[in-house]
Amino acid sequence: MKETQDIATQSENLEQRPIVLQIKDLHKSFGDNHVLNGFNMTLYKGENLVIMGKSGSGKSVMIKCLVGLMEADSGSISVMNKDITTINRTTLDILRADIGFLFQGSALYDSMTVRENLEFPLRRHSEKFDHKTDTNTLVIEALENVGLADAIDLMPSELSGGMKRRVALARTLILQPKIILYDEPTSGLDPITAKEIILLMKEIQTKYNTSALIITHDVDCARFIADRMILLISGVDYAVGTFNELAASKDPKIMAFFKQ
Amino acid sequence: MLSIQSIGNQLNTFFIEIGELSYFAGRYFKEAIKPPFEFKELLRQCYSMGNRSLLLVAITGFIIGLVLTLQTRPTLMEFGAVSWMPSMVGISIVREIGPMITALVCAGRIGSGIGAELGSMRVTEQIDAMEVSGTNPFKYLVVTRVLATTLMIPLLVIVGDAIALYGSFLVENLKGNVSFTLYFNQVFDSLEFGDILPATVKSFFFGFAIGIVGCFKGYYCKKGTAGVGKAANSAVVFTSLLLFIIDFIAVFVTDIFYEL
């Protein structure tokens, strides 16, 4: 009874917060393959929203549409009250400074050192910081946040999978984004490292009060981090709720996600 | 009937690719003149390409000079025209063999390298990461590389020509006791501005072709490691074919000017 009340209070609290990201009726097809068929979602300020779906259900397509890497066929995507489907390239690039993206495979630039990887996003967004702010200080601070200050001069090839993910997270954090998008943040990692990354995500969210959209297959990750969850099935937001609400569902399609 | 259809399909694919490549080249010119300019990356690419290919071009040029002289000498001796050797070798190397061989060697060395590097960056989402960070990846990766090959190939051709002529001189010196001054006086006496200018202009086009095809194949690489291999391989094949077509056009146009 207590738990139900807590969940209800939590949901009410969320809805009182400002909306930072909203998708309405998103459609995307590749030829005859209709990947997204009217997907909707809302992310509130400071919320951790987890999206779960089977492989090929369109999670990555949706997140790529969100940052303008893919063009949606129809629908609207509003990021901090700006519809990214209609804004020009320059405005989109400015907006991207407020959106961090952690790629599934880390996507570190392998011809650059860790330091250069972190300095790279600062080249185009230096206006975000005071002109007196030292780049080196920002890089070291970001690396300290993920516990890898010693790796500053290493090449990505010298890092383990978990370290790469941490450096990628530091690169995402260096621009101090308001929203962080995580594409499978724990995939390909051993359970201990995965747990460390999840804790780090939580820590970052608490420290910087960021809003996060997390795409994952990992039920443990979802249980630990999700304020709310969306199940993406057949290209639509099939079910929305807290982890406990969805885990308690008797719908066979929803139950399939929690049987692991 | 089936084979005609198959040839038709292949031709169709070829022309589609030519169309896509033309669009890609058009985008290159559009992006190349728009600030911000990536001078640092351009210099890095120029240094890297020149440095990586210099030894190969030098060895190839030296061997070509040696072989050309050794193979031609007996025939010229038969006609009592061995004194024409420096002129013949000079004209053939500067006009045709030097630029063509250097370009083919660089297509293998630089073109495949660009195809594989950009292909690998595409597959591992590094290009997407650049885009998300607000940097224009086309400008940073494609414009700098194409400009670097366009500038560096003519320089490599000059080095290759010089070393090929030196290789030819060594054979003449050993077999005919010809001095360095006499040999190179004869070479430069026989060369006209009309020999050097078209060859130099042609080298710029060769450089452009190597860069643009390598970048095109890598930038639009299909997913997976097989895609990277295919991008590198087809960059070399397509560039080599394009080099011969450019060479034919260049010779054809030069010939028209000679006749005027």
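At what angle do helix α2 (residues 39-78) and helix α5 (residues 137-176) of chain B pack? The angle is about 30 degrees, and the two axes lie 6 Å apart. This is a predicted model.

## The α2–α5 pair in chain B

Angles under 35 degrees count as roughly parallel. α2(B) is therefore roughly parallel to α5(B). The crossing of α2(B) past α5(B) is right-handed. Sorted by class, the residues in this contact are 26 nonpolar, twelve polar and six charged.

## Chain B overall

Chain B contains eight helices and zero strands. Its pattern along the sequence reads α-α-α-α-α-α-α-α. The C-alpha trace of chain B spans about 65 × 55 × 40 Å along its principal axes.

Chain B has 260 residues, and 41% of them are buried. Consider the contacts in chain B between residues at least 6 apart in sequence. Of these, 88% join residues at least 24 apart.

## Around B:Val236

B:Val236 sits in helix α8 (residues 225-259) of chain B. Is B:Val236 buried or exposed? A residue is buried if 20 or more other C-beta atoms lie within 10 Å of its own. B:Val236 has 22 other C-beta atoms within 10 Å, so B:Val236 is buried.

Which residues does B:Val236 contact, once neighbours within four places in sequence are left aside? They are B:Ala107, B:Gly108, B:Gly111 and B:Ser112. B:Leu104 gives a distance across the sequence: B:Leu104 and B:Val236 are 132 residues apart along the chain. Their C-alpha atoms are separated by 8.6 Å.

## The sheet of chain A

Chain A has an open sheet of four strands. Their order is β2-β1-β4-β5, and the pairing is antiparallel. Why do β2 (33-44) and β5 of chain A each have one side without a neighbour in the sheet? Both stand at the edges, and each has a single partner strand, so one side of each is left without a neighbour.

Strand β1 (residues 19-30) of chain A runs antiparallel to strand β4 (residues 74-79) of chain A, and five bridges join them. In this pairing, A:His27 has A:Ser74 of β4(A) as its bridge partner.

A:Ser78 is opposite A:Asp83, a residue of β5(A).

How many residues lie between the strands of the hairpin of β4(A) and β5(A)? There are two. In this hairpin, A:Met80 has a positive phi near 45 degrees.

## Helix α2 of chain A

Helix α2 (residues 59-66) of chain A is mostly covered. Seven of its eight residues are buried. They are A:Lys59, A:Val61, A:Met62, A:Ile63, A:Lys64, A:Cys65 and A:Leu66. A:Gly68 follows α2(A) and has a positive phi, near 80 degrees.

## Where the chains meet

Chain B contributes ten residues in contact with chain A, and chain A contributes 15 residues in contact with those of chain B. On the chain B side, the classes are two nonpolar, five polar and three charged residues.

Technical notes: Residues numbered from 1 in each chain as written. Chains lettered and ligands numbered in written order. Predicted model: local features only at pLDDT ≥ 70, side-chain atom pairs only at ≥ 80, totals over all residues. Buried ≥ 20, exposed ≤ 12 C-beta atoms within 10 Å, placed from the backbone. Pairing = 2+ DSSP bridges. Axes fitted to C-alpha atoms, helices over the stretch in contact; angles between N-to-C directions. Parallel < 35°, antiparallel > 145°, perpendicular 65-115°, else oblique. Left-handed = near helix turned anticlockwise from the far one by under 90°. Nonpolar A, V, L, I, M, F, W, Y, C, P; charged D, E, K, R; others polar. Contact = placed C-beta atoms within 7 Å.
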